[in-house]
Amino acid sequence: MNLHSLTIISLGLLALAISFGHFKNSFIIKSISFLFPAWNFFDQTTASPHLYYRENEKSEWLTLFAPKKSGLRHLFFNPDTNLYLFYHSLMQETLTTIFDGQNLKNFQFEETIQFDLLKNLVLTKKPNAHSFKLALQDADLFIHSLKGQA
Amino acid sequence: MAPLTIFEATRLSSKILSIGLIVNSLEYFFLIFKKQTLESFPWRILKRKSFSYLPLGSDTTLKALVAFNFMFAILLFNISSPIILGFLFLIQWLFVVRFGGTFNGGSDSLQLLLLFCLFLHFCFDTNSFISIASILYLAVQVLLSYLIAGLKKFKSKDWLTGKALQKLAFNRSFSLPSFITNLFQNRLISTITGYLVLVFELSFVAILIPKLTGIYFLLGFLFHLINFFIFGLNRFFFAWMATYPILLFFVQFMQAKYF
């Protein structure tokens, strides 16, 4: 294989990567984006939002998911941390949906997939929850009452 | 050190990848039998993202996918066949669809890329253009994974001012070992550690220099081990380790040509 062939392939892949950027919101494109990974690791150090629930109108807000500690023995088996990481990416995705939605007309967060996922997550883990909220540090992003929906 | 042949490199990568996939399968099994995982992230909602016609909603389907993943991963340890790699790729891709995205971000992406490149490699004659190009593409992506991650951190004010690791330790998104949290309370230690990460990632391409190859492979191994120890990223450890034999082949290939 010569250098010219490598250059042509590289340019082709680069062109594909750029054109993919135009359709990045398509899930079909997202599902093959593994060919052009973004390689973002901890470049954003800001806090992630967390999901809280409460059991009645006056009770304290409690965290639904908490990160687990890992020890060396978890190198070959760490399901809880990996599930937590999945939850963590769902929270990040939800935050992006809310921020992006602010620029759209008639945006209703309650109509999004992320909202349905959060609501389902709360109802599955805490069937008697009265309400839930998503909060970024001390700021509430939204609060939703589940009264009568459990 | 005798140069690694492309066959040896891809075989060794397949073996390490198979260990990573076995670990993934066991974790998925545990989460499925814990029940709440499936019910918490149901297909009836996630299918609205795409591929809604795929029958991925039932417990049985997911259990079957995990069982096949486990079985093919064991086979991959001994046999690098395009059929096994193709099936494993398909199963991993179905996991991405089922969970509306990668379950564990970068590690799942790298495993998919690795499976895809190994699949292409074993589909064609070892010395054919596509076979070699797929392996070289993978190796370049591994080098980029360090370089791009370093460049993105370099643009971040928190990383440059030494606050990044302190913020990561205290923002409640991760549960770090307590002695690490205590260490990062010291601004000087967190700043020095942050800069060491930056320098390591940005300079990783120096692995191409013959005298530094061994040192960078050792540093890379320690880097992923420490990341696992601090953040619990075990899947990342296996995913990156699986690429190292191919990366070594690439490094030796480049050194033979240009050094």
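Q: How many residue pairs are in polar contact across the interface of chain A and chain B?

A: Keep in mind that this is a predicted model. Across the interface of chain A and chain B, 16 residue pairs are in polar contact, both partners being at pLDDT 80 or more. On the chain A side, helix 3 (79–101) is among the elements giving two or more residues, along with helix 1 (3–22), helix 2 (27–31), strand 1 (50–54) and helix 4 (113–125). Helix 3 of chain A gives the most, with eleven residues. Sorted by class, that side of chain A has 31 nonpolar, 19 polar and eight charged residues.

Q: What area is buried between chain A and chain B?

A: The size of an interface is often given as the accessible area lost when the parts come together. Here, about 5,900 Å² is buried between the two chains, and carbon and sulfur atoms give 67% of that. The contact draws 58 residues from chain A and 74 residues from chain B.

Q: How many salt bridges are there between chain A and chain B?

A: The count is three. One of them pairs Asp80(A) with Lys34(B), with the closest N and O atoms 2.8 Å apart.

Q: Now the backbone: is Trp39(A) buried or exposed?

A: Phi of Trp39(A) is near 55 degrees, a positive value in a residue other than glycine. Trp39(A) sits in the loop between helix 2 and strand 1 of chain A. Trp39(A) counts as buried because its relative accessible area is 3%, under the 20% cut-off.

Q: And is Asn106(A) buried or exposed?

A: Asn106(A) also has a phi near 55 degrees, again positive in a non-glycine residue, and belongs to the loop between helix 3 and helix 4 of chain A. Its relative accessibility is 74%, so Asn106(A) counts as exposed.

Methods. Residues numbered from 1 in each chain as written. Chains lettered and ligands numbered in written order. Predicted model: local features only at pLDDT ≥ 70, side-chain atom pairs only at ≥ 80, totals over all residues. Heavy atoms only, no water. Contact = heavy atoms within 4.5 Å. Buried area = accessible area lost by both parts, 1.4 Å probe. Salt bridge = Lys/Arg side-chain N within 4 Å of Asp/Glu carboxyl O. Polar contact = N/O pair within 3.5 Å; in protein donor to acceptor, adjacent residues only side chain to side chain. Helix = DSSP H or I, 4+ residues; strand = E, 2+ residues; numbered from the N terminus. Nonpolar A, V, L, I, M, F, W, Y, C, P; charged D, E, K, R; others polar. Buried < 20%, exposed > 50% of the residue type's maximum accessible area, 1.4 Å probe, protein only.
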